[in-house]
Amino acid sequence: MPATRILTAVPICDGHDSAINTINLEFIRHGVEVVYLGYNRSARDIVRAALQEDAVAIGISTYNGGHVEFFEEVLDRLNQLRLTPMIKIFGGGGGTITAEEAKIMYARGVDRIFFAGTPLAEMLGYLRAQYRDVVQQPYERLFIGTDQYLARELTLGERGAPGSPEQIPAATKPDCKTKVIGLTGPGGAGKTTLIDELVYRFLRSRPQNQRVAILAHDPSMIGSGALLGDRATMIYSQDDRVFMRSLATRGQTGGLSPSTHRCLDILRKSELFDVILVETVGTGQEAIPFGSGALGGVDKAVLVVPPDYGSQLQLQKIAMIDSADAIVVNKSDLPGCKTAVAEIEYRIRANQKGQALLRTQANRHRDTGVDQLFESFLGRE
Amino acid sequence: MTSLGQIIAAIENYRHSGLGQVQKARTDRDLGERMLQTWREAKDKIGFTVTPTGLRLPRLALPDLDEPGEIARFLWDEGLPGEFPFLTSAYAEQYLDPGSAEPTENEKQQSGVKIGSEEPTRLFAGLGLAEDTNARFHYLSRNQRSKRLSTAFDGPTLYGVGAGADGVFGKIGEGGVAIDTIEDMERLYAGFALDQPDVSVSMTISGPAPILLAMYVAAAKHRFGSDVAAKLRGTIQADVLKEVQAQNELIFPIEPSLRFLADMVDYCSQQMPKWYPISISGYHIAEAGATPVQQAAYTLSNGFAYVDYFRNRGMDANVFGPRLSFFLDCGLDIEYIALLRICRKIWAIGMRDVYGADKRAQTLKLHTQTSGRSLIAADWPNNLTRTALELMLAYMNATNSCHSNSADEPFTTPSEEYARYAAHAQAILLEESGLFKHMMNTLQGSPGMKVVGNAVEEAILEEFREIEQQGGVLGAVERRYQRSQIQAAGYLLERQICNGVRPVVGLNRYNDPDGNWPEVHMIRTAKEKKQLQRDRLQDFEKRHAGEKLQSLDRLSTVVEQGGNVFEELIYTVEHCSLGQITERFCEVVGKFRPMV
């Protein structure tokens, strides 16, 4: 039984996320994969994300008014992309949505509004009954080259279905221009922020017709649900030139999902992207998620660490330090950065593999360390 | 150790030395005699009041103590109203009715009783366009001695987005008032004498707070002359840290947001002595699901983090300290019998013993709002009772001002009818009932209040210790500590409601399946009004197109060269809209990266 994937969000100019946080948690505890887009999100961002994630439903939690217009805009945009009625919309707003407004919203195509006082179990029950068994078939060939076609291929790829080989374009040319960069490192190293900042630079410096894809991983919980929340903290990646897909690890350890390589292959073969960024979940010391060399499926592997990885003894145990093409010490404003850089430098010098060592502070606007990282791996060639 | 560690130590030390003081008062004759003397003097100073039924009462109720150790304990643990550690109240007298008080000798000399001249009732309002909220302000304050106008803004304004921005049309004027330009600001407070001491204005906005306050100052200058700033009374929320932890309405990254805030606080401390440029808020933390203790602990620690930040900039705690104000939620959990007074105590000890601040900076000035989260849609007239009880708890804890929620709050921006009932609940409590108007301390200092207070204080310290271990407030923020705790508590709360551990009348108890409750009058902003706001903004931007670029470039220069951004904004807002300024700031300092 494939996991149910839904997308949840809070509308633009609304930061009330208490309800959605509780609901997300309840859903993931019961086996749902929730792609969470966060709060203050425009209808455009929501629809783009739902399309790319190939979600079966969108859940919108609103509080500070304007819900009739907002849901309508989401529906309009889905309609334009011919995604209705495949992607269902449900939502709630406590007592702020009246029964009459709900009627209007239903008439326009909203699937379900939950009113104030609805028990969590009732929402979960509805989700299971209505969205769990939705069949997601491959799109017709006429959609080839569109994001939604790609999104569906990824869904099928993630399920491990043999796919539809005749629909996948010819095998990758040896000189395929798509560059794949893998980013890994312990939880809290700031990988997502770093990726978003790289995307910011990509969007500003590369020609308008160039696009970037992100394959982001989050851990599955016991019981198979997952909160796929990387999108929620991203600013610049909410852009039509960015295609992002979130994958749950679904029981696999080591930082990636059982279908990562299949999905990466699909992304590459789509020939839609100049760059693909792969983000692993927070990894432990032993992880070498991208394998070594060409087997790993990435062109370059970057290890991101915070300065407080522990003692030098701990450092010696991080296996990835030997196989990464670059090591980035992020959060370089934190104490201990100098020591961390010195210790890592010592280690990679012994490796004699020409590994790069960079220092970044990704959470600082226009950080020069991130500029350098971008130039080294993604600058004009 | 961060300063929070020092504060923990100071509070532990205060408790410890309190016990020592009690012993000493009992054994040391001189100290014992001084205690008895202090006590006699305190009692002698108390004035009298006469109730309408003819009962003559002291204006302050004190326990009957004649033993030096117990007096020392009282002064140390409880304190006199308006005296360190301010458990009973920030000021010596609050809420008392000047009409029934007999002037004391002192007051006779100073020609009359001055207490209670201003109501603590402060009603929050914001709907539609500026003129709609203005009309609501006039309606709500028509019978008040003083005009205390508290402003709620709509979503686009809170996020610093112009009404013309893509995708926000539906949000214009919903849940608060739409303000895009200085001209909207002029309309918002039209007809109120902002330069008079009986008018005060508060603005519930944080992300773009310096821009909004700059508009307010600039608009006031147009009407009341260029020297009006010193006369303006009010508060702006401007709490960056709670936005990161709970309310999610920050626009710029934390560091530049703090810098803009500090510029504003610095300016206000110098030029606007009657303005509170920050309201350190727990309300949104509690509404997001935090327990009462978490609310208090995160709010107080945020407050101390601001003190550190401002002091690191070279600002003087005795100058900015008195201009800090607080804003807390009051719900129905038992903690609220004592929570607010414990907050006053912790703040006072921290400010005195760690920062060496004087009395005016030690007193925590508090605005309270009854809990919005405690109000529910089912059988909603019960909300009147919930709010009334919460009001009672807030006033028992001597809040300095208070907003009471309207019963229709779960559904809508309050209707006039229920906003009136909410205001009247306060009038009934403070004016109709005799509980607060005759005597200070009528309901303070009960054994239950003390027991709960001690437990709350210890639990707050425990939270402080955890935050301290994470490198202080900013370190804990970086690790999502406060956010994750608040979310976990919110989830637990909802589970407890679902499984009935937490009784909610009308929902999981005494519920009426065919509930036939009164109809709610929903407040909505008409499409035409939303369009009007867009047209006005467009018109303003067109008229000022010539000065826009130059004004924004001037602003950028100040940001980059480290000048006072707030001072410059007072000029910028003459020519630029909120959305234009926000956009420019984002280019220069970046955007806040959401935390989830």
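**Glu457(B) lies in helix 18 of chain B, which spans residues 447–469.** The model is predicted: local features require pLDDT of at least 70, side-chain atom pairs count only at pLDDT 80 or more, and totals for chains, interfaces and linings use all residues. Residues are numbered from 1 along each chain as its sequence is written, chains are lettered from A and ligands numbered from 1 in the order in which they are written, and side-chain values use heavy atoms, with hydrogens and water left out. Helices (H or I, at least four residues) and strands (E, at least two) are DSSP runs, numbered from the N terminus. Glu457(B) counts as buried because its relative accessibility is 2%; buried means under 20% relative accessible area, exposed over 50%, and partly exposed in between (1.4 Å probe, protein chains only). Beyond residues up to four places away in sequence, Glu457(B) touches Ile11(B), Arg15(B), Ile342(B), Lys345(B) and Ile346(B), where contact means heavy atoms within 4.5 Å.

**Met396(B) belongs to helix 16 of chain B, residues 382–396.** The relative accessible area of Met396(B) is 13%, so this residue is buried. When neighbours within four places in sequence are set aside, the contacts of Met396(B) are Ile337(B), Phe436(B), Leu443(B), Gln444(B) and Met449(B). Lys171(B) is 225 residues away from Met396(B) along the chain, and their C-alpha atoms are separated by 38 Å.

**Strand 6 of chain B, residues 199–204, is mostly covered, with six of its six residues buried.** In a regular strand, side chains alternate between the two faces of the sheet. One side of strand 6 carries Val199(B), Val201(B) and Met203(B), the other Ser200(B), Ser202(B) and Thr204(B), and all of these are buried.

**Strand 6 of chain B pairs in the parallel sense with strand 5 (residues 147–152) and runs parallel to strand 7 (residues 234–236).** Two strands pair if DSSP finds at least two bridges between them. Six bridges link strand 5 and strand 6; within strand 6, Val199(B) is the bridge partner of Lys147(B). Three bridges join strand 6 to strand 7, where Ile236(B) stands opposite Met203(B).

**Lys591(B) is placed in the segment that follows helix 24 (578–589) of chain B.** With a relative accessible area of 40%, Lys591(B) is partly exposed. Apart from neighbours within four places in sequence, Lys591(B) contacts Ile235(A) and Tyr236(A), as well as Ile251(B), Phe252(B), Pro253(B) and Cys586(B).

**The whole of chain B contains 24 helices and 12 strands.** Its C-alpha atoms fill a box of roughly 80 × 60 × 55 Å along the principal axes. Of the 596 residues, 60% count as buried. Among contacts with a separation of 6 or more, 77% are between residues 24 or more positions apart.
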